[in-house]
Every structure is written in structure tokens, then in C-alpha cells.
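Have a look at the fold, then read on.

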Amino acid sequence: MQGRRRILLAGWFSFLDGEATAGDVLALRRVEEVLRDAGLAYDVVWSPGFRARALHFEDVDPAAYSHLVFVCGPAHGPRVEELHRRFAHCVRIAVGVSVVDPGSPAVTGFDRVLARDAAGHEPTTDLAARAPGLPARPVVGVVLTHGQHEYGRQRLHEEVAAGVTRWLAGKDCARLELETRLDAHDWRLCATPAQLEAVLSRLDLVVTDRLHGLVLALRAGTPTLAVDPVAGGAKVTAQAHACGWPALVAGERLETGVLDHWWEWCLTGGRDEARRIGAGFRAADAGRDGADELVAALGARPVGR
């Protein structure tokens, strides 16, 4: 055993084809916090599919470490067993894990198992529960359409969807894909307008290239970054003007700087403006729409008679 303590932290988030779940990463943060408070140095090994520029197993020299700590998830399977072989000289500890089979080599290979749940043992709180607090992030609804073929050669829908989603991927936010389409049989979709409005009203921002994505978000008082997916502008542009909503981007001008500008505005001054417009829709002196002319139109004679 090496005289100098050096710790390597690993988990299912470390394997090449492993999954990095939010719970596992928060569990890791809890362990890191404890080690830092104790003044202990450590390295974390990540899956290259999750963090391409971080430390990966292929870069690790096992001889450089005295301890291996496996964090969270099930202590089970051949990949965990391989760690025991590769780091056989290390003190190996599992913390916050589920013990499925206490007799399996994946479990017995550890020198110490600090389980969160195991047969015959009182369960402990998952490590993620006591992870350090996280800064708030905006929750963004994304409402995009890939249809509207009636616009023919003016359609920029594929380009707009690709550009918007690529841009959104670089934003530090929680993204929630939404549909305005209702379905009473598909649990993934809202069945009524009230259900969709309940979601929209709880968001910080909506990004959409749909007319009703814009209108329904504003109706809920939520700021909306609207992109018109039709060259030259069509119904999304017309509706933004009708509502008096400025955060509108032309599909031909899908530039990062323009999107970033309206993103910042929507999350600051746009909040109050969206609430004002949403309240105005329901005010007694709201502007006119087509329904206001309907009764008179019903009394009109058919054209040509």
C-alpha cells in the first residue's frame, strides 16, 4: 500500500456505456463535499460519452491511487467486478449503493460497503438528498412544429428546429418539450387546454415557432421567444404584432446574438410585459378579434344573392 493517500471516485457515471443520472451526479457531489471538508484530495473518473474532456478510465494509472471509492447505484455486475481486478492493490469502498446480491463478487470485492439499502440492514438516506444546494435555473418550454407544408418553398421549419434546438442545448436551463396537440389517450400529452395552460403558467420562458405556442404562453403570462419558420414572415409574425409582443426572430435571422438578446429580455423585463399582455387578453377593453364580427357576419346574405 502506498504511503500517500490518493483517492479515485468512480460510479456508473464512469463507465464507457454507463448512464450519468442526476441522482448519481448529486450523490457524487455529496461525497466530494465530505472529502473536501476532510482535506482529502481526490480525482473523479467520468464516462467519455458524458464528459469528453474529463478524466476517463483509459487515462487512469491504477498504481497512482491508494483508494477507490465507488459512489451510488447498484453494486452489481461485471463492470464493477472488473474494477476490483484492475484496482486490486487499492482499498476499495462502496458508498450509497444498493446491494442486490450480498454474495456476488461485485459486493464481496469491496473492503467496506456503506450501503443505502441491503437485506437485513436499516436503509439510509440516499446521498443525493444531502448534496450541496444548487443554483436556480430557468425552466423553458419548447414548442416546435415540423409541419405546415402549405407554405411550400417558404418553409424554413427544419432549419429553424435544428438551429433553435442546437442553440438551446448550450443554454444552462431545464428544457421541457411540449405539444399544443391534445390527446385524451396518450399520457404524454395534455388532454385539455386547462392542462396545457397549467404547465405554461409555471414556466420561466417558452421558445416556440408556433402561433399557438406564442399566444397560449402569453395568455398564461409567460414570456415567449417566438421564431417565425416561414421565409418573409407569416402567421407567427402577424400574431406577435397583433399581441404587441416584441420578442420575435425571423427564421432567416436565426443568429446566436439575436436569440441571446431576446432570451435575456424575456427572463428580465419580458416577464412583466408578458403578464401585462396576458391580463389584457381578459380585460373588458381587450382589443377586437374575429369573433367580435361573427354575429354580424351570420346576418349577412350569401355572396351573389
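How many aromatic pairs does a search of the whole structure find? Eleven, where rings of Phe, Tyr and Trp (its six-membered ring) pair if their centres lie within 6.5 Å, with planes under 30 degrees apart called stacked, over 60 edge-to-face and the rest tilted. Take Trp 12 and Phe 15: the ring centres are 5.1 Å apart and the planes sit at 75°, so this pair is edge-to-face. Both residues are buried (under 20% relative accessible area; exposed is over 50%, partly exposed in between, with a 1.4 Å probe and protein chains only). They also belong to one aromatic cluster with Phe 57, Phe 70, Phe 87 and Phe 110.

A word on the source: this is a predicted model, where local features need pLDDT of at least 70, side-chain atom pairs count only at pLDDT 80 or more, and totals for chains, interfaces and linings use all residues. Residues are numbered from 1 along each chain as its sequence is written, and side-chain values use heavy atoms, leaving out hydrogens and water.

Now for Phe 13 and Trp 46, both buried. With centres 5.2 Å apart and planes at 45°, their rings make a tilted pair.

Finally, visit helix 7, residues 235–243, whose buried residues are Val 236, Thr 237, Ala 240 and Cys 243 (helices are DSSP runs of H or I, at least four residues, and strands are runs of E, at least two, numbered from the N terminus). Facing away from that buried side are the exposed His 241 and Ala 242.
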